[in-house]
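User: I would like to learn how to read a few computed features of a protein model. Please take them one at a time.

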Amino acid sequence: MADAQSKGKSTAGPSQIDPSFLSGLAILVLAQILSAIMGLYTQITYSTYGGAHWHENLFYSHFLSLPLFLPFLRSLRSQLQKFISSPRIFISPALLQPLLGAITKAAPPDPQHGSLHPILASLPTLSVPKDILYLAVNALTQYLCIRGVNLLSARTTALGVTVVLNMRKLASLLISIWLFGNRLPPGVLLGATVVFGSAGVYTWEGQRNGLKGKKH
């Protein structure tokens with residue numbers, strides 16, 4: 001909807017409301033309520049049993065939700081076939097040289113000779129479907145994000161986690177608008193101001209309470 005507003009397009013008539021918009025709004029509100037309930041439940045769990053077992057929460061919360069995807073198995077299989085049939089990208093083993101050097105902490109080879117690490121030298125040039133590569137990168141970044149969320153949940157309150165997640169969502173929206181060259185609609189600009197302002201007030205109030213606690 002923000003993209004449609006940024007391009008000057010309307011999704012419905014002046015006196016009509018798009019049913020898909022109402023459905024999406026209802027799903028978003030329900031998801032926010034369930035997310036808040038889950039955050040409070042996680043906070044109670046960590047306060048009772050300690051926050052050292054956040055890895056277990058990360059595993060079980062995703063593993064136990066896998067059966068929910070069974071009704072969409074046919075659609076997922078169709079999407080996977082489309083990903084596999086996408087144009088291929090050729091990845092040279094030389095691109096993995098810095099990563100392998102960081103992992104093994106080995107000295108980089110002499111660039112004048114252009115030699116590769118023996119492990120990489122034995123690998124052929126990889127041919128990967130473009131959409132599969134994008135999916136793998138997206139899954140990796142999502143893992144890093146949800147791992148950080150669970151680690152943060154074990155160390156702070158549910159409200160603090162919610163504020164951080166809202167900041168992340170807002171940053172993702174602004175980056176996507178910037179990358180695709182869309183102008184920022186007034187509604188999004190107002191929402192950004194509210195989110196950033198609320199996060200600033202929350203951070204300032206938390207720091208002030210912390211200083212009061214140290215004085216007493």
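Predicted model: local features only at pLDDT ≥ 70, side-chain atom pairs only at ≥ 80, totals over all residues.

Analyst: Residues are numbered from 1 along each chain as its sequence is written, and side-chain values use heavy atoms, with hydrogens and water left out.

User: How many helices and strands are in the chain?

Analyst: Helices (H or I, at least four residues) and strands (E, at least two) are DSSP runs, numbered from the N terminus. The chain has nine helices and two strands, in the order α-α-α-α-β-α-α-β-α-α-α from the N terminus.

User: Is Thr42 buried or exposed?

Analyst: Buried means under 20% relative accessible area, exposed over 50%, and partly exposed in between (1.4 Å probe, protein chains only). Thr42, in helix α2, is buried because its relative accessible area is 11%. Of the chain's 216 residues, 13% count as buried.

User: Which residues is Thr42 in contact with, leaving aside neighbours within four places in sequence?

Analyst: Contact means heavy atoms within 4.5 Å. With those neighbours left aside, Thr42 is in contact with Asn57 and Ser153. Across the chain, 71% of contacts between residues at least 6 apart in sequence join residues at least 24 apart.

User: What about Ile17: is this residue buried or exposed?

Analyst: Ile17 sits in the loop between α1 (2–6) and α2 (19–49). Ile17 is exposed, because its relative accessible area is 58%.
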